[in-house]
Every structure is written in structure tokens, then in C-alpha cells.
Amino acid sequence: MVFNNSHCIIFLLVTIIIYPAICYGQESNSLYTRATYYGSPDCYGTPSGACGFGEYGRKIYDGKVSGVSRLYRNGTGCGACYQVRCKVPGHCTDEGTKIVVTDHGEGDHTDFILSVRAYSDMATSGMANHLLAYGVVDVEYRRVPCTYYGYNLMIKVHEHSRFCNYLAIVPIYQSGAFDIEAVEVWQADCKEWRGMRKAYGAVWDMPNPPKGSLTFRVQVSLNGEAAKWVQLADVLPDEWKAGIAYDTYLMLD
């Protein structure tokens with residue numbers, strides 16, 4: 001795609017909070033809504049998104065990310081992937097774009113506030129600037145599995161964590177179409193699971209975490225099915241560090 005740099009520095013002020021009506025598309029599990037975009041200096045996402053992903057949330061999926069309104073679901077929707085296709089005749093590809101939810105935002109009858117890269121990716125060859133000129137477009141969307149080739153689910157220790165008094169974590173590279181509904185950590189000396197608090201977005205935290213290497217379990221659900229627990233053994237080392245992402249050696253798909 002060819003980007004007009006002027007579109008990358010226009011910051012869209014999203015001030016109208018009106019929830020869109022939802023219509024089902026002809027394709028199974030597809031819905032109709034509207035989408036807009038927000039500006040950034042390099043057309044990527046923002047590292048300050050409400051999901052708490054930081055720099056990961058800026059460039060994941062090559063910057064094809066989005067803020068969402070209803071689909072945010074108090075942060076449970078963070079990390080979910082969607083196929084989004086615009087419906088402007090002569091301007092849009094059949095495939096559309098595939099995005100990751102990294103932020104929360106509400107606009108003028110829109111469910112998606114896309115990065116410029118994601119918004120432009122919906123356009124046919126040579127039509128990206130024309131599509132950007134619309135500002136807001138009708139779209140069709142559906143939830144799709146996230147795919148991260150070469151990556152397992154990882155647990156990032158949030159930068160605000162303080163060893164060993166306060167631990168905040170963010171699951172990243174969450175493949176498949178699962179939602180993480182709860183996180184617990186194993187307290188070995190008491191032989192019990194301790195629940196972590198949903199701080200905000202995709203961030204889970206707790207004061208005074210257990211000593212030693214840490215084992216987690218996450219409660220996941222798929223398409224409204226009964227939730228199940230998945231154990232992540234010895235993910236964090238004895239002396240974990242803030243800002244580091246640790247491999248779980250597990251893929252949720």
C-alpha cells in the first residue's frame with residue numbers, strides 16, 4: 001500500500017459516544033458496523049493503548065491493530081483478532097485486513113478505530129488514499145483465530161512490577177480465538193492457588209507474589225463454551241525482572 005504521510009499525522013478526535021446498531025452479514029458469523037482510523041507518526045499503533053501491551057501493541061501484526069468499543073469487554077477482548085472488510089464499491093478487497101485488538105475507543109457509530117496501516121490494508125491497489133479520505137466506512141467483520149508463527153504464549157512482566165513486592169503480568173502472543181477470563185498463581189508453601197486481580201485491559205496483578213519460580217493457570221473460554229483451566233508450569237524464574245517476556249512453551253489453539 002502507498003501511504004500519504006499527511007494521513008499519518010492527523011490525530012482523529014473521537015468524541016461522539018454512540019453505540020452502533022449491529023446487523024448480521026451474509027457470511028456465517030459476520031456482522032456489519034462502521035470503522036474509522038487514528039493517526040500516528042509512523043502509521044503503526046500506539047504503545048499507550050488501554051490493553052496495556054506497550055510497544056508490543058504498537059507493532060504486532062505489522063501495526064495492523066485497532067481500538068474497539070463494545071468488543072473491548074472490560075479488557076477481555078484485548079488480544080482478540082478480527083477480519084475486517086470495508087464495503088465501499090470499487091475500493092475494497094475481498095480479504096480485507098486482519099487486526100489485533102490493542103486499545104479501547106468509541107467513535108461516531110463505529111466499533112473499530114483502526115491504525116492507518118490496518119485501515120489502508122482494506123483497500124484495493126492504488127485506492128488506499130481514496131479510502132482514507134472517507135474517514136469512516138461501513139465494514140463487515142468476524143472473529144478469527146490469531147496466528148503467531150514461531151511464538152508460543154508468553155507472559156510479560158509489566159514494567160510497573162517491583163521484585164519481589166508487586167507483580168503485574170500481560171499475556172502476549174495469545175494464539176487461537178480464546179478469551180482469558182481469570183489468572184491464578186500457585187502458592188507452593190500453602191498448597192493453594194491465589195487469584196490475580198484484573199487491573200485493566202490485559203494486565204493482571206497481585207501484591208506480595210509467592211517466592212521462587214512461579215506457576216500460573218489461566219481460565220480460557222472459546223465461543224461461549226464452558227471455561228477450562230490451563231496450567232503454565234514454572235513460567236517465571238526465581239528472580240523475575242520487570243519488562244521481560246517469558247515463554248510458556250504453550251500455544252492456545
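Predicted model: local features only at pLDDT ≥ 70, side-chain atom pairs only at ≥ 80, totals over all residues.
Local features require pLDDT of at least 70 and side-chain atom pairs pLDDT 80 or more, whereas totals for chains, interfaces and linings use all residues. Residues are numbered from 1 along each chain as its sequence is written, and side-chain values use heavy atoms, with hydrogens and water left out.

The structure contains 3 disulfides, a disulfide being a pair of cysteine sulfur atoms within 2.5 Å. In the pair Cys51 and Cys78 the sulfur atoms lie 2.1 Å apart. This pair connects distant parts of the chain, 27 residues apart, with Cys51 in the loop between β2 (31–38) and α2 (56–59) and Cys78 in the loop between β3 (65–68) and β4 (81–86); helices (H or I, at least four residues) and strands (E, at least two) are DSSP runs numbered from the N terminus. The S-S torsion of Cys51 and Cys78 is about -85°, so this disulfide is left-handed.

Cys81 is bonded to Cys146 at an S to S distance of 2.0 Å. The torsion of Cys81 and Cys146 is about 115°, and the disulfide is therefore right-handed. Cys86 and Cys92 form a disulfide with sulfur atoms 2.0 Å apart. Cys164, with a relative accessible area of 25%, is partly exposed (buried is under 20%, exposed over 50%, partly exposed in between; 1.4 Å probe, protein chains only).

The largest cavity has a volume of about 80 Å³; a cavity is a set of points on a 1 Å grid over the protein atoms alone where a 1.4 Å probe fits but cannot get out, and lining residues have an atom within 4 Å of a point. Grid points are joined across faces, edges and corners, and the volume is the space filled by probe spheres set on the points. Its lining residues include Cys78, Lys198 and Trp204.

Key:
1 Å grid on protein atoms, 1.4 Å probe; cavity = no way out; pocket = protein on both sides within 12 Å on 5 of 7 lines; lining within 4 Å.
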